[in-house]
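Please bring up the model and keep it on the screen.

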Amino acid sequence: MNYLSVENISKSYGERVLFEDISFGINKDQKVAFVAKNGSGKTSILNMIAGLDTPDTGQIIRRKEISVAYLSQNDVLNPDLTIEETIFATENKILSIVNQYEKALKNLDDSEAYQKAFELMEQYNAWDFETQYTQILSKLKIDDLSQKVSSLSGGQKKRVSLAIVLIHKPDFLILDEPTNHLDLEMIEWLEAYFAKEKITLFMVTHDRYFLERVCNEIIELDEGNIYKYKGNYSYYLEKKEERIQLEQVTTEKAKNLFKKELEWMRRQPKARTTKSKSRIDDFYQIKEKAQQRRTEHKVQLEINMERLGSKILELHKLKKSYGEKKILDGFDYVFKRGERIGIIGKNGTGKSSFLNIITEKNPLDAGTVSIGETIKFGYYTQSGITIKEGQKVIEVIKEFGDYIPLNKGQKISASQLLERFLFDKKKQYDFVEKLSGGEQKRLYLCAVLIQNPNFLILDEPTNDLDVVTLNVLENFLLDYPGNLLVVSHDRYFMDKIVDALFVFRGEGVVETFPGNYSDFRAYEDSTPKEKIEKIVIEKTASEPSKNSLSFQEKREFGALEAEIDRLQNRKLTIENQFLNVEISTDEIQKKSEELQEIITSLEEKEERWLELSMKLED
């Protein structure tokens, strides 16, 4: 059954054309993701489908008898109502019966009202609905229903909005970035909920694991064309790569044919026959195909950042509370050069506060933060960029720097960095206020990166970024040689970027974990829940037995072997470079310093490997 038909729609804002003449359809029980670059009109299309906007041309036909709900990125809640009043402000009959029953439970002295509410619950078989309603609120951590909407944070409002659309169980659900402002536990619950529920979805999301596990079709808007992939995210990546390769082959053939036809055109006399005119028309079609270009933003940069000294960042006995709420309770950590650490934990456990503490934006209750003399922080916060009226994109970046230095005397200019992050030359001279929310976040990232920090701190960098930009950012960070500390609920991003985790358990407990997010989930799933709860209560992890390795130590042992091999190979490469008689004095000095660092690191890692291997043998 067809729920929605989008037929030849177009949308422009002044001279800016978002999209032209696009068409697609959505059928019952499909779970469809819509993928496109930031600024190409994703949210506009969702608004049109939801009936909040209209296309300039074309039409959107929606089946009349179906119920539709839309989770937008904008807050549309009434600030004067409580959470409970907001949830029950609806024409849903079952929900109003549940509301009546909930009120009767709070006033059992009125036995007549309770009996009436109970009978209605029985009559409409509302018990399952009430169970689901309670579960949804619980999973989204919506506990105090008496709170006024005006007192909620942006993240809490988003969770209330999500709860409302889920409770109503519409036939057709439209979602704009549903995982924003949810912690990892909530995202995994929502993922499982959508995977099992028979519901028709059309969504925009940057969460690629969510795409993988929930969606059964992906619609992509790429360079003005619509492409449909009947499968999940892995299938989409595979088929998209095949399509790109086919396009490249077709373009190459067109280029070769273009060269031949160009020679023919140049040889032709001024007077041409009708047959010649037909060939000339074909020539211009061939020319258009031959000149198609696909810009792939694969970043392979050897960044020449300011050298990190031996001391990076040392955290000693950090304590921080807000009233009775503990964020840190004696946390210790000494960062090593080049570490890439992710931070995970439930909302409200203090992840962003921790970043503000180590960058000395927030004060400590006790303990010390000691920053190395060579450290230059680059801090991407959730607050985003401050838009100045009349400022252009390129001007924003140049306020912070003109270029990033690369090795061998090369550099990447501010304009080139913007191009890598999908701002073409024309876009660079647009006014910042014309950018979409996702484009503004992308610009803010560039403003942080152009400063060439050697310790990069990113607080939820993936929010509002499209999948294409996320791939660009990941490639940049994989080449980044400095220290990296990142808070993110994007599991795919964390798996690809970080090597270790700080796990914020709450109540001031922060654990270190040697591995990425998927490793951590595997460990959690194999660890009894009672043991994890005991860790939080006692604020200390159980010591592993002396004659075996813990899960973390096994991970560390395997990682050490690979790292030792890598360091030994690098040591051998540098030693061989010294045999080159043409090597300069400056180069010898640089290589000697690098060699010494490798030898020191190698000795430390070999000593730790020996310690673990002896423990394994006991």
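In which sense do E8 and strand E9 pair, and over how many bridges? E8 and E9 (residues 225-229) pair in the antiparallel sense, over five bridges. Strands here are DSSP runs of E with at least two residues, helices are runs of H or I with at least four, and both are numbered from the N terminus. Two strands pair if DSSP finds at least two bridges between them.

This is a predicted model, in which local features need pLDDT of at least 70 and side-chain atom pairs count only at pLDDT 80 or more, while totals for chains, interfaces and linings use all residues. Residues are numbered from 1 along each chain as its sequence is written, and side-chain values use heavy atoms, with hydrogens and water left out.

Back to the hairpin. Two residues separate E8 from E9, and Glu223 in the turn has a positive phi of about 50°. Ile218 has Tyr229 as its bridge partner in E9.

On to the other neighbour. Strand E3 (residues 31-36) pairs with E8 in the parallel sense over five bridges, and Ala36 has Leu221 as its bridge partner in E8.

As for burial, six of the six residues of E8 (217-222) are buried, meaning under 20% relative accessible area, against over 50% for exposed and in between for partly exposed (1.4 Å probe, protein chains only). Glu217, Ile219 and Leu221 cover one side, and Ile218, Glu220 and Asp222 the other.

Now the whole sheet. The order is E5-E6-E7-E3-E8-E9, an open sheet of six strands with mixed pairing. Strand E5 (68-71) and E9 stand at the edges with a single partner strand each, so one side of each has no neighbour in the sheet.
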